[in-house]
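Subject: Structure handover and notes

Hello,

Please find the structure below, with the sequence. My notes come after it.

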Amino acid sequence: MNTELLRMKKFLSEEVNVEISKVTEDSEARDYYGCDFEAERLNFKFRKAKITPKKNGMFVTYWKRNSQNITEPFHEKDEFDFFLIAAEENEKYGFFLFPKEVLVSQNILTTEVKEGKRGFRVYPGWTKTGNKQAEKTQIWQQKFFCDFTALNLKSMEKLKSIRNLKFDY
């Protein structure tokens with residue numbers, strides 16, 4: 001199990017009483033600590049976003065290889081419920097917990113109508129966006145971002161509401 005997933009597993013176990021099982025590392029996403037796992041009978045895809053030198057926010061890849069060995073975006077019919085993205089910058093730490101439906105509505109997953117994305121930028125709450133498009137993206141993403149730089153009741157309640165599938169989007 002990679003170091004980032006071990007960190008996430010420890011955090012979820014100790015802070016929210018959630019156990020991770022059935023971990024499968026994604027060798028194609030090794031640079032992003034990619035893996036799949038199960039928790040509370042839900043399936044997760046995990047990545048850690050990277051800080052990039054020329055743009056604000058963080059970048060994360062999100063693709064698979066098809067039967068012809070060509071990369072393609074994940075599809076809405078793929079077997080997972082959430083995409084969990086860890087975000088870390090200096091002493092700040094948090095994660096995005098995107099439900100599959102949100103990734104469909106934001107055109108990140110491929111549907112029968114539109115091709116999705118092979119990667120995208122995420123903007124934790126502490127990030128200065130720098131332009132209108134990034135600001136717009138940050139606004140929708142914040143509903144699914146849990147900042148755990150300092151553990152507090154607000155962060156824990158937000159995580160529980162996302163975890164319990166109580167969305168306001």
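Residues are numbered from 1 along each chain as its sequence is written, and side-chain values use heavy atoms, with hydrogens and water left out.

Confidence

The chain has a mean pLDDT of 87, and 88% of its residues reach 70 or more; pLDDT is the predictor's confidence in each residue, from 0 to 100. Strand E10 has the highest confidence, at 96, and helix H4 (residues 153-163) the lowest, at a mean of 66. Where pLDDT is low, the predicted coordinates should not be read in detail. Helices (H or I, at least four residues) and strands (E, at least two) are DSSP runs, numbered from the N terminus.

Largest pocket

The volume of the largest pocket is about 220 Å³. A pocket here is an open set of points on a 1 Å grid over the protein atoms alone, where a 1.4 Å probe fits, with protein on both sides within 12 Å along at least five of seven lines; lining residues have an atom within 4 Å of a point. The volume is the space filled by probe spheres set on the points.

The lining consists of Gln 106, Ile 108, Lys 117, Phe 120, Arg 121, Tyr 123, Gln 133, Lys 136, Thr 137, Trp 140 and Gln 141. The largest share, five residues, comes from H3. By class, there are four nonpolar, four polar and three charged residues. Ala, Val, Leu, Ile, Met, Phe, Trp, Tyr, Cys and Pro count as nonpolar, Asp, Glu, Lys and Arg as charged, and the others, Gly among them, as polar.

His 75

His 75 sits in the loop between strand E7 (71-73) and strand E8 (82-89). With a relative accessible area of 17%, His 75 is buried (buried is under 20%, exposed over 50%, partly exposed in between, with a 1.4 Å probe and protein chains only). Its side chain makes a polar contact of 3.5 Å with the side chain of Glu 112 and reaches the backbone nitrogen of Lys 77 at 3.0 Å. A polar contact is a pair of N or O atoms within 3.5 Å; within protein, one must be able to donate a hydrogen and the other to accept it, and residues adjacent in sequence count only if both atoms are side-chain atoms.

Arg 65

Arg 65 belongs to strand E6 (residues 63-65) and is partly exposed, at 36% relative accessibility. Glu 28 is 37 residues away in sequence, with 8.5 Å between the C-alpha atoms of Arg 65 and Glu 28. Their side chains are joined by a polar contact of 2.8 Å. A polar atom of the Arg 65 side chain also lies 3.0 Å from the backbone oxygen of Asn 69.

Positive phi

Tyr 33, although not a glycine, has a positive phi of about 55 degrees. Tyr 33 is in the loop between strand E1 (20-25) and strand E2 (35-39). Glu 40, also not a glycine, has a positive phi of about 50 degrees, and is in the loop between E2 and strand E3 (42-48).

Regards

Technical notes
Predicted model: local features only at pLDDT ≥ 70, side-chain atom pairs only at ≥ 80, totals over all residues.
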